[in-house]
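Welcome! Have a look at the structure below, and then let us walk through it together, one part at a time.

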Amino acid sequence: MANVSIDELKQLLMENCMLNIPLEEIKEDLPLFGPDGLGLDSIDALQITVALEKKYKATIPNPDIARQVLQNLGSLREWLLRQTA
Amino acid sequence: MNKFDVAIIGGGPAGSAAGSLLARAGKSVVIVEREIFPRFHIGESLIPFGNDVLREMGVWNELENSGFMKKLGAEFTLSNSCGFQRFWFRNNLGPNHARTFQVERAKFDSILLNHALHSGCEIRQPALVESIEWSDHQALVTIRSPEGSEAFAASYVIDASGRDAWIGKKLNLPKSDLGLSKKMAVFAHFENAYRNEGEAEGHITIIRMEEGWFWMIPLDEKKTSVGIVLNQEKLKSCGPDLESRFWNRVNASSEASFRLKNAKLIGDFHAATDYSYRYHQSAGDRWIMAGDAAGFIDPIFSSGVMVALRSGRLAAQTILAQPSHEKLSRKVQARYTAKIHQMTGVFLKMIELFYDNDAFAVFMNPRSLFKLRETINCLVAGQTEMSFGFKCRFQLFQILSWLQRRITIAPRLFFEEPVKSTSSAKP
């Protein structure tokens, strides 16, 4: 995979989660989960995980790793970049 | 005999900062430097709170035009690539602190010392300080150079000799190891190491392993400085020589391997043992310590050059505030010491938190609650003079870290390397 852009990850979020704020307001360091962030829940996490497998063939091995990888779009992007490097 | 207002031992950033500022204020200054410049030195990443001093010295513009890599922030990641925090100075700091530089010290230190020369300092290089005789009204300094010996008098001596700590060792002054364990660093310069895209290309990357860490500092278009810091015993058990120890640890980390996949070594591996220490007293009747000579702390937050510059400036200010060549009073000595200890104290607290896996989990999950993320960003930039609100938030960060050890507030960090999947992602 040559590159993964933040915009394409935003797109992935939009397609798979119920977002209550506009895409432009999602910065790469905004926490995806929790009350002070985007406010996604565990169902969303599952959706994202499945979507990542489908689109990038990248498997998040376990929930602990998932928590770290899915912290924000920046951490997700960096992790994805390394999965096929 | 020559007589100077101030003699400075050492022509690194602390000595050059103090020298430039004193000479520009009309003092006669001599700087005695042991080595011929340019010379290799470790400590290549600056943090923005050193910028003020570089501007005050009048050397900022020259640095801007010297091709140093612009550093806009710092990023922290885990050795298994799972977990990543990138900080941008500009998000929480004003324009003067929005960026700084990554510097190859051979070049940076030469520019600074040369600037001190043009500011009016006399320089003796290469020359060693052989002895200093202290009397009630001055110090008698004897130096030795290839041309022979020279003696001169000085009203004050600034010890900016780095970890040689000339005065501390000669006067056998009491010091503390600050309770930090003995670490060892192995490092080298590489070409073709992985670079971040866009404006993040100048970020310093800290890769945190379960025990220890890597630094990756992009120095210019090609060169990247890479080093590993680990407990001495642990690192020695990783191989017979520096190179094998280094690669042993790189291969154990998917993040480090990824970043060094195509990297080519330039030059040799170096090593440094890091004994953190701090002298109880940073000033005496006619002497002041600046930079590493006053204390050396773990380099994880790139604090070295900033502390050198700021303490160099503080030493100059202290001398400039003295009425005609009088001894530094007990009160002045105590105030200087307190300021130096305060400066390094903030970093010490952060270093403790960094090496504590529970506290680091909070660091890697900075909630926007209570502006924790902003607080960490300011700390990473080197803000050691704290407003009341900032102090409270730093305290809160420490309390959260303490809580984390008892109940999990931030998810614990997992350093395990994912099992390499056998099926490639490519069809």
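Predicted model: local features only at pLDDT ≥ 70, side-chain atom pairs only at ≥ 80, totals over all residues.

A compact globule of 85 residues would have a radius of gyration near 12 Å, and chain A has 12 Å, so the two agree. Along its principal axes, the C-alpha trace of chain A spans about 30 × 25 × 20 Å.

Of its 85 residues, 33% are buried. Among the contacts in chain A with a separation of 6 or more, 54% are between residues 24 or more positions apart.

## Chain B: helices and strands

Chain B has 427 residues, for which a compact globule would have a radius of gyration near 22 Å; the chain has 22 Å, which agrees. Its C-alpha atoms fill a box of roughly 80 × 45 × 40 Å along the principal axes.

Here you will find 13 helices and 19 strands. Buried residues make up 49% of the 427 in chain B. If you take the contacts in chain B between residues at least 6 apart in sequence, 74% of them join residues at least 24 apart.

## Where the chains meet

## A buried strand and its neighbours

Strand β4 of chain B (residues 73-78) has 6 of its 6 residues buried, so it is largely enclosed by the rest of the structure. Both of its faces are covered: B:Gly73, B:Glu75 and B:Thr77 are buried on one side, and B:Ala74, B:Phe76 and B:Leu78 on the other.

Which strands does β4(B) pair with? With β5(B) the pairing is antiparallel, over 5 bridges, and with strand β13 (residues 204-208) of chain B it is parallel, also over 5 bridges. B:Thr77 takes part in both pairings: it stands opposite B:Phe84 in β5(B), and its bridge partner in β13(B) is B:Ile207. β4(B) and β5(B) form a hairpin with 5 residues between them, and B:Ser81 in the turn has a positive phi of about 70°.

B:Phe415 lies in the segment after α13 (388-404) of chain B. Is B:Phe415 buried or partly exposed? B:Phe415 has 16 other C-beta atoms within 10 Å, so it counts as partly exposed; being buried would take 20 or more.

Leaving out residues up to four places away in sequence, B:Phe415 touches B:Leu78, B:Ser79, B:Asn80, B:Met209 and B:Glu210. B:Phe415 and B:Gly83 are 332 residues apart along the chain, yet their C-alpha atoms are separated by 9.4 Å.

## Inside chain B

The largest nonpolar core has 144 residues, and those that touch the most other members are B:Val6, B:Ala7, B:Ile8, B:Ala18, B:Val157, B:Ile158 and B:Ala290. Setting aside neighbours within four places in sequence, B:Ala290 is in contact with residues including B:Ala14, B:Ala18, B:Ile158 and B:Ala308.

Helix α7 (residues 242-251) of chain B has B:Arg245, B:Phe246, B:Arg249 and B:Val250 buried. These cover an arc of only 130° around the axis, which puts them on the same side of α7(B). They pack against β12 (183-191), β15 (223-231), α6 (232-236), α8 and β16 (264-274) of chain B.

In chain B, 3 strands form an open sheet in the order β11-β17-β19, with antiparallel pairing. β11 (175-176) and β19 (295-296) stand at the edges with a single partner strand each, so one side of each is left without a neighbour in the sheet. β17 (residues 277-279) pairs with β19(B) over 2 bridges, and B:Arg278 stands opposite B:Gly295.

Methods:
Residues numbered from 1 in each chain as written. Chains lettered and ligands numbered in written order. Helix = DSSP H or I, 4+ residues; strand = E, 2+ residues; numbered from the N terminus. Rg over C-alpha atoms; globule rule 2.2 N^0.38 Å. Buried ≥ 20, exposed ≤ 12 C-beta atoms within 10 Å, placed from the backbone. Contact = placed C-beta atoms within 7 Å. Pairing = 2+ DSSP bridges. Arc of directions from axis to C-beta. Core = buried A, V, L, I, M, F, W, Y, C linked by C-beta atoms within 7 Å.
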